[in-house]
Amino acid sequence: MNEISIIEDNDALQIYQNESVTTWYLALNTKDSVLSDVRVRQAIAKAINVQEIIDSVLYGAGSPANSLIPPSVIGYPGDDMPYYEQDIEEAKKLLADAGYADGLDLELTVAEDVTRVAVCQVIQNQLSKIGINLSLNVCDSSTYTFRANDGEFQMMFFFWICAAGHGDYQQYSLLHSSQQGAAGNRSFYENAEADEYIMNARQTMDEAVAVENYRKLEAIVDEEVPCVELLYTTLNVGATKKVIDFQMDGAGYHNLESVVVLK
């Protein structure tokens, strides 16, 4: 059900919309015997059509991601950085080069949630076009967390809220080799050069220097695909038109001090 259209069609209601600081992505377990091959990871990234996910599941409430860092966050590497684009034939070639010309079986783990499962179902369909038979493992939150922390998965759907407002909160947590497992790096990714760029950005007060290092980092991530950056979500809040002066927060922690509700 498109709840946004329901609100928009009701004259007594209004909708507040704002860019969030939340990134949805797929973690690819680089320690897995199949996904340790970068060609398989690249094939997965090239098989996915993010705009289809945004349009069919989120009813347009999102935008494609080209970094784990959201655009409104300090350190965003820029919208001129490349986005993953669907290329079915190239994805098939990458799988064939990796020894999977006849396809392969993979599993995607996701926590119980109607919207997130729907996203994974779209991805399941998209990967089938390159010969990947993707099974979905829908877990309760506790099981999901334990499996994520222990690396007991092949692919996992995640989201990360950049509540700190700086790219370090994303890149250090999700990509630095010291943060594998429960700390955030659920791809179990290790790359010394990537670590260096992350630390360079972490240790400077100069935003331009941080961005320069995050751009170099993004070039590595785009090539090695420890994760597939999917999208940035749009925050939607419905309210009666009696509500005024409501200020949205990108992390979803809305401050209601200024809100007035008319009689």
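Helices α7 and α8 cross in a left-handed way. Left-handed here means the near helix is turned anticlockwise from the far one by less than a right angle; clockwise would be right-handed. Helices are DSSP runs of H or I, at least four residues, strands are E runs of at least two, and both are numbered from the N terminus.

Before going on, the ground rules. This is a predicted model, where local features need pLDDT of at least 70, side-chain atom pairs count only at pLDDT 80 or more, and totals for chains, interfaces and linings use all residues. Residues are numbered from 1 along each chain as its sequence is written, and side-chain values use heavy atoms, with hydrogens and water left out.

Back to the pair. Helix α7 spans residues 168–175 and helix α8 spans 192–202; their axes come within 10 Å and cross at roughly 150 degrees. Axes are lines fitted to C-alpha atoms, for helices over the stretch in contact, with angles from 0 to 180 degrees between N-to-C directions. So α7 is roughly antiparallel to α8 (over 145 degrees; under 35 is roughly parallel, 65 to 115 roughly perpendicular, the rest oblique). Asp168, Gln171, Tyr172 and Leu175 of α7 meet Asp195, Ile198, Met199 and Arg202 of α8. Contact means heavy atoms within 4.5 Å.

The cut-offs: buried is under 20%, exposed over 50%, partly exposed in between, with a 1.4 Å probe and protein chains only.

Next pair. α2 and helix α4 (residues 88–97) pack at about 165 degrees, axes 8 Å apart. That makes α2 roughly antiparallel to α4. This crossing is left-handed.

Now the cores. A nonpolar core is a set of buried Ala, Val, Leu, Ile, Met, Phe, Trp, Tyr and Cys residues joined through side-chain atoms within 4.5 Å. The largest has 43 residues, and Leu26, Ile44, Ile48, Met155 and Val228 have the most contacts inside it. Helix α5, residues 114–128, gives the most to this core, with 6 residues. A second, separate core of 34 residues includes Leu68, Leu174, Leu175 and Ile198.

Last one. Asparagine 29 lies in the loop between β1 and α2. Asparagine 29 counts as buried, at 4% relative accessibility.
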